[in-house]
Structure formats: structure tokens, C-alpha cells
Amino acid sequence: MSKSQSLLPAWSVKVAAAVCALVAVATFCVLGASGQARGDGSFSVNEAGQTYGVTAGLAVGEQYPDLMEVRATNDKIGYIYRTDEEAASGGWVSSPEEAAAYMEERNAKLAVALQEACNKRLSEEEAISLEGARETLVAIEQGGLLIPDPATGAPTLEGSSVEALGEPSVLMEAYLEALESEVVYIPVYEADGVTQIGVFPIG
């Protein structure tokens, strides 16, 4: 079995930790950017009649404001439209069928991005196929561990379709690059919902 065909069924905990960190940061930024303890459902209203405020502490299913407080990439505190966030994150999904379709589309795009990111780091002979990238993506996102090297106990990529990348950290770098390529930046506004002051990443 060639390097481009074989695949280790699980991946480095470093990758899983990095993914968890990205999710945690994005969640913090959306739900409590101002440092306020929690949202209480009593939102302010701007001149256009739109509600705005902090959503930290609200339970799933509670009504969110029209404009949700976040910290933009330029470190400014502002507001994103709830509808923009839902469109970018798949929050519009309302059935198992829609959820499955959304994830299938997301994973297809991410597999292409992962293949490109890995192959940028590999020679033409070592390049992985799109199918290999799909399988690698599944293994990464299941949060598994690499099989330890029998001699050293260190994680190894031996036997995987991306063995030629060498270090697990290089695979993580390729994966994070693929994730970044799928990030959508939505506008961040002042409380008026009109004056843009920055952008916020979703993805």
C-alpha cells in the first residue's frame, strides 16, 4: 500500500486541542466579548428598533438580540447581526436533513482545502488524493491519537497518507490552514447596526 493510499485511523491530540481552542475562542468572542457576566434577556434598542446586547449566559432556545456583542479582529467591541452569524455558521439549519446537507457541503470544501494545504508541503510523488484528504479529515475531527512509536513512545505519522509531512505539528499546521481558508468574516457594527467598525470570523 503506497503512502498516498494508506491511512492511520487517528490523529494527534495537538490537533484536537487546537480545534477545541479555536471553538472556545470563537464562542467567548460571540457570547461575552465585553466581559459582562451574562446576558439577562433585557436588551437595549437602537434608533432603528433593533435589539442589541450581550448573549453570554442565555440558554439555548432563548431569544437572542438582533445585534449580538462581539470583539472584532481589530479588538474593538461592537455588534454582529444574528442573521449574519446564523448564515455563516449554519444556525439556520432546522431539520436533521438540512444539518446533514450542511455538514456534507462543509466537509467537502474542507477536504479540498486540506488536500491543498498538505500537498503544498509534500513533493509531487508524495501528494495525497482528495479521498485521502477526506479520510484524514474524518480522523482528525474524531480527535483520536497517533499510534506511539514503539521505540520512543512519541506520536508518529507512520503508515498514514501524510507520513511524508514528518511531524504531527506539520499536519496540524496544514489542518489549521485548511480551517482558516473556510473562515467567513462578517461585519461588526456600532450599536446603530449601520456603522461598520470591523469584522468577526465565523468558521
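This is a predicted model: local features need pLDDT of at least 70, side-chain atom pairs count only at pLDDT 80 or more; totals for chains, interfaces and linings use all residues.
Local features need pLDDT of at least 70 and side-chain atom pairs count only at pLDDT 80 or more, whereas totals for chains, interfaces and linings use all residues. Residues are numbered from 1 along each chain as its sequence is written, and side-chain values use heavy atoms, without hydrogens and water.

The protein chain holds five helices and six strands, taken as DSSP runs (H or I, at least four residues; E, at least two) numbered from the N terminus. Their order from the N terminus is α-β-β-β-β-α-α-α-α-β-β. Of the 203 residues, 37% are buried (under 20% relative accessible area, 1.4 Å probe, protein chains only).

Helix α3 spans residues 96-119. Its buried residues are Leu110, Ala111, Ala113, Leu114, Gln115, Ala117 and Cys118. Helix α3 packs against helix α4 (residues 130-141) at about 110°, with the axes 8 Å apart. Axes are lines fitted to C-alpha atoms, for helices over the stretch in contact, and angles run from 0 to 180 degrees between N-to-C directions. The two helices are therefore roughly perpendicular (65 to 115 degrees). In α3, residues including Arg106, Leu110 and Leu114 meet a set in α4 that includes Leu137, Ile140 and Glu141.

Strands β5 (residues 184-189) and β6 (residues 196-202) run antiparallel and are joined by six bridges; pairing requires at least two DSSP bridges. Ile186 stands opposite Phe200 in β6. The strands form a hairpin with six residues between them. In the turn, Gly193 has a positive phi of about 75°.

Methods. The expected span of a helix is 1.5 Å times one less than its number of residues. Buried means under 20% relative accessible area, exposed over 50%, partly exposed in between (1.4 Å probe, protein chains only). Angles under 35 degrees count as roughly parallel, over 145 as roughly antiparallel, 65 to 115 as roughly perpendicular and the rest as oblique. Contact means heavy atoms within 4.5 Å.
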